[in-house]
Amino acid sequence: EWFADDVQLKFGAGIDFQNIVLGQETVGKIIRANVTYQDLNGHSNSFSIETETTVEDVNDSPTGDLVIRGAIANGSTLSIDWSEIVDLDGIDESTVQFSWLRDGQTIRFRNDDTYTLTDIDAGKWITGVISYTDQAGTYETLSSNSIQINPVSFFYLTPGEQISQSL
């Protein structure tokens, strides 16, 4: 039997008769094993052994995908969808910050979860970034996959207007 601060841990993922994989539920707790066995003479015996210190927390890297949503056209608004992001250490939502990159460079003064495309974005690669401090105090940063903005979507012609190009 395995215990974390006198609470019995259930057998299952990472816990069996001989082994325990320490997880978030054991952080800050003393781990104890109660062992009962029968010796070669048929006598039942038991003993307990426990850790000398509590289980320390380690950073759990966030998982999930950061996704850019929205139409890729001039004047369209893109948004960062971070609903799939999971951090076992917890996300302190008061620390969440957003930023946007154009061809790998920070787009100045664009630190909302939305970004409106302009002519300057035509043909460029746009990336969404989220940063936060998890509830264990670790600063985390995640980036979306970059999307290329199609330059054709930024070509406008007013009715009656003609195109002229000098070579």
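Begin with the side chains of Asn34 and Arg32, which make a polar contact at 3.1 Å. A polar contact here is a pair of N or O atoms within 3.5 Å; within protein, one must be able to donate a hydrogen and the other to accept it, and residues adjacent in sequence count only if both atoms are side-chain atoms. The model is predicted, so local features need pLDDT of at least 70 and side-chain atom pairs count only at pLDDT 80 or more, while totals for chains, interfaces and linings use all residues. Residues are numbered from 1 along each chain as its sequence is written, and side-chain values use heavy atoms, with hydrogens and water left out.

**Stop 1: Asn34**

Asn34 itself is found in strand E3. Strands (E, at least two residues) and helices (H or I, at least four) are DSSP runs, numbered from the N terminus. Now show what surrounds Asn34, setting aside neighbours within four places in sequence: the residues in contact are Glu1, Phe3, Phe47 and Ser48. Contact means heavy atoms within 4.5 Å.

**Stop 2: the whole chain**

Zoom out and colour by secondary structure. How many helices and strands does the chain have? There are zero helices and twelve strands, and the pattern along the sequence is β-β-β-β-β-β-β-β-β-β-β-β.

Of the 167 residues, 27% count as buried. Buried means under 20% relative accessible area, exposed means over 50%, and partly exposed lies in between (1.4 Å probe, protein chains only).

Colour by charge next: the chain has 8 positive and 26 negative side chains, and the centres of the two sets are 10 Å apart. Lys and Arg count as positive and Asp and Glu as negative, while His and the chain ends are not counted. Each charge is placed at NZ of Lys, CZ of Arg, CG of Asp or CD of Glu.

**Stop 3: Asn41**

Go to the loop between strand E3 (31-38) and strand E4 (44-50), where Asn41 sits. Is Asn41 buried or exposed? Asn41 counts as exposed because its relative accessibility is 64%. Draw a line from Asn41 to Gln8, 33 residues away along the chain: their C-alpha atoms are separated by 30 Å.

**Stop 4**

Most residues other than glycine have a negative phi. Asp6 is not a glycine, yet has a positive phi of about 70°. Look for Asp6 in the loop between strand E1 (2-4) and strand E2 (7-8); with a relative accessible area of 61%, Asp6 is exposed.

Phe109 also has a positive phi, about 65°, without being a glycine. Find Phe109 in the loop between strand E8 (105-106) and strand E9 (114-116). Phe109 is exposed, at 66% relative accessible area.

**Stop 5**

Select Asp87, in the loop between strand E6 (77-81) and strand E7 (97-102). Asp87 is buried because its relative accessible area is 7%. Its side chain reaches the backbone nitrogen of Asp89 at 2.8 Å, and a polar contact of 2.8 Å joins it to the side chain of Tyr132. Beyond four places in sequence, Asp87 touches Asp60, Pro62, Tyr132, Asp134 and Glu140.

Move along to Tyr132, in strand E10 (residues 125-133). Tyr132 counts as buried because its relative accessibility is 1%. With neighbours within four places in sequence left aside, its contacts include Pro62, Ile91, Val96, Tyr139 and Leu142. Gln97 is 35 residues from Tyr132 in sequence and 6.2 Å from it in space, C-alpha to C-alpha.

**Stop 6: Ser144**

Finish in the loop between strand E11 (139-143) and strand E12 (147-148), where Ser144 is found. Ser144 is buried, with a relative accessible area of 7%. Which residues does Ser144 touch, not counting those up to four places away in sequence? They are Leu66, Ile68, Thr127 and Gly128.
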